[in-house]
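The sequence and the structure are shown first.

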Amino acid sequence: MVGVVIVSHSAKAAEGIREIAAQMSQAGQKILVAGGTQDGGIGTDAMKIAEAIREADDGDGVAVMVDLGSAIFSTETALEFLEEALLPRVQIVDAPVLEGTVSAVVQASLGGKLDEVVASAEEARDLRKK
Amino acid sequence: MSKQAIEAIVAMGEAVIQNKELLTDLDAAIGDADHGINMARGFAAVIDKVGGLSPETDIGTVLKTVAMTLISTVGGASGPLYGTAFLRAATAGQGKQTIDGASAVAMLKAAIDGIQSRGKAVQGEKTMLDALEPALAAFEKSVTAGKSLIESLDQACLAAKAGAESTKTIVATKGRARYLGERSLGHEDPGAVSSCILLQAVTDYCRKQQGTV
């Protein structure tokens with residue numbers, strides 16, 4: 001199954017999002033978090049993100065969810081440190097982090113391929129609340 | 001010369017740490033008030049890490065050490081941005097034990113290209129590039145004209161400062177400052193200021209090495 005990584009400036013936020021999404025997941029679904037800095041502060045850490053991406057991959061690839069701007073910078077930096085063979089199987093998702101993660105996990109748990117998981121998650125951009 | 005590269009980096013780090021409050025205040029005005037704190041934390045870790053390197057380490061490896069440390073300790077956008085800058089400069093400085101004017105220009109250019117591709121900003125958008133791009137132009141012009149390293153660095157610093165000052169007139173569209181829109185006018189971009197601080201620290205170090213004040 002496609003693995004999902006949640007990148008957030010906050011470890012608590014990433015974990016909270018993981019908990020919510022896990023309710024929608026099937027057994028064996030990997031949902032990893034990479035939130036906050038090494039010392040538990042607010043921020044992102046490319047090495048932590050790279051590690052989470054490696055752990056989340058079981059061969060089917062990884063969809064990476066990101067919160068604010070610099071989470072994207074850190075994630076793109078993380079990609080530079082990944083093994084060449086893994087790189088084509090990793091995609092950053094352009095979607096709101098919480099809603100996108102839920103969509104991604106649902107699709108991944110259904111056995112969706114990486115492109116399908118990413119597309120489904122990116123539809124979360126259009127979710128209206130009013 | 002790696003010993004001097006290491007000392008220059010320590011000087012950069014100390015300058016950032018000294019200016020921690022200034023950078024934090026600038027970032028409090030138009031951001032999330034953590035630029036100084038983040039940069040100080042990152043460069044404190046850098047000083048620690050490079051301090052453990054042997055003087056025989058090539059410059060590329062020294063710069064890569066700076067990059068990796070910043071990437072994983074700064075936390076905010078400056079981590080991946082400055083980290084990528086030092087990473088690209090490291091590639092340009094690979095295997096070198098000494099750096100001449102042309103190499104320095106190449107390394108600064110590589111660093112700036114890295115920041116541009118990582119941050120997807122260009123000059124004029126109220127970012128660190130507004131200090132660094134003019135600095136590179138001035139530095140390259142001076143080096144090409146055959147001026148001394150110190151003179152060229154002085155020109156770079158002047159251009160960087162003018163560039164940072166000019167960010168006051170720009171409405172932010174990048175980074176957290178963009179959430180403030182028009183209210184970001186009149187405020188200097190913190191990243192442009194930290195770039196000035198780093199350049200000035202390298203210049204001051206080189207000047208001290210030459211024995212002139």
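**Briefing on chains A and B**

B:K126 lies in the chain B loop that runs between α6 (101-119) and α7 (129-144). The model is a predicted one. Although B:K126 is a residue other than glycine, its phi is positive, near 65°. B:K126 is buried, because its relative accessible area of 2% falls under the 20% cut-off.

- In chain B, the loop between α2 (20-30) and α3 (35-51) holds B:A33.
- The relative accessible area of B:A33 is 28%, which lies between the limits of 20% and 50%, so B:A33 counts as partly exposed.

**Interface between chain A and chain B**

- Chain A contributes 17 residues to the contact and chain B contributes 18 residues.
- About 1,400 Å² is buried between chain A and chain B, and carbon and sulfur atoms carry 54% of it.
- Of the area that chain A buries against chain B, 32% comes from A:F73, A:T77 and A:E80, more than from any other three residues.
- Three salt bridges are counted between chain A and chain B.
- A:E80 and B:R88 form a salt bridge through their side chains, with an N to O distance of 2.6 Å.
- Six residue pairs, both members at pLDDT 80 or more, are in polar contact across the interface of chain A and chain B.
- On the side of chain A that touches chain B, α2 (46-56) and α3 (69-79) of chain A supply at least two residues each.
- The largest share of that side, five residues, is provided by α3(A).
- Sorted by class, the side of chain A that touches chain B comprises five nonpolar, eight polar and four charged residues.

**Fold and dimensions of chain A**

- Chain A contains five helices and four strands, which follow the order β-α-β-α-β-α-β-α-α along the sequence.
- The radius of gyration of chain A is 13 Å, which agrees with the value near 14 Å that a compact globule of 130 residues would have.
- Along the principal axes, the C-alpha atoms of chain A fill a box of roughly 40 × 35 × 25 Å.
- Of the 130 residues in chain A, 50% are buried.
- Among contacts in chain A with a separation of 6 or more, 77% join residues 24 or more positions apart.

How values were computed
Residues are numbered from 1 along each chain as its sequence is written. Chains are lettered from A and ligands numbered from 1 in the order in which they are written. This is a predicted model: local features need pLDDT of at least 70, side-chain atom pairs count only at pLDDT 80 or more; totals for chains, interfaces and linings use all residues. Side-chain values use heavy atoms; hydrogens and water are left out. Contact means heavy atoms within 4.5 Å. Buried area is the accessible area (1.4 Å probe) that two parts lose on being put together, summed over both. A salt bridge is a side-chain nitrogen of Lys or Arg within 4 Å of a carboxyl oxygen of Asp or Glu. A polar contact is a pair of N or O atoms within 3.5 Å; within protein, one must be able to donate a hydrogen and the other to accept it, and residues adjacent in sequence count only if both atoms are side-chain atoms. Ala, Val, Leu, Ile, Met, Phe, Trp, Tyr, Cys and Pro count as nonpolar, Asp, Glu, Lys and Arg as charged, and the others, Gly among them, as polar. Buried means under 20% relative accessible area, exposed over 50%, partly exposed in between (1.4 Å probe, protein chains only). The radius of gyration is taken over C-alpha atoms; the globule rule is 2.2 Å times the number of residues to the power 0.38.
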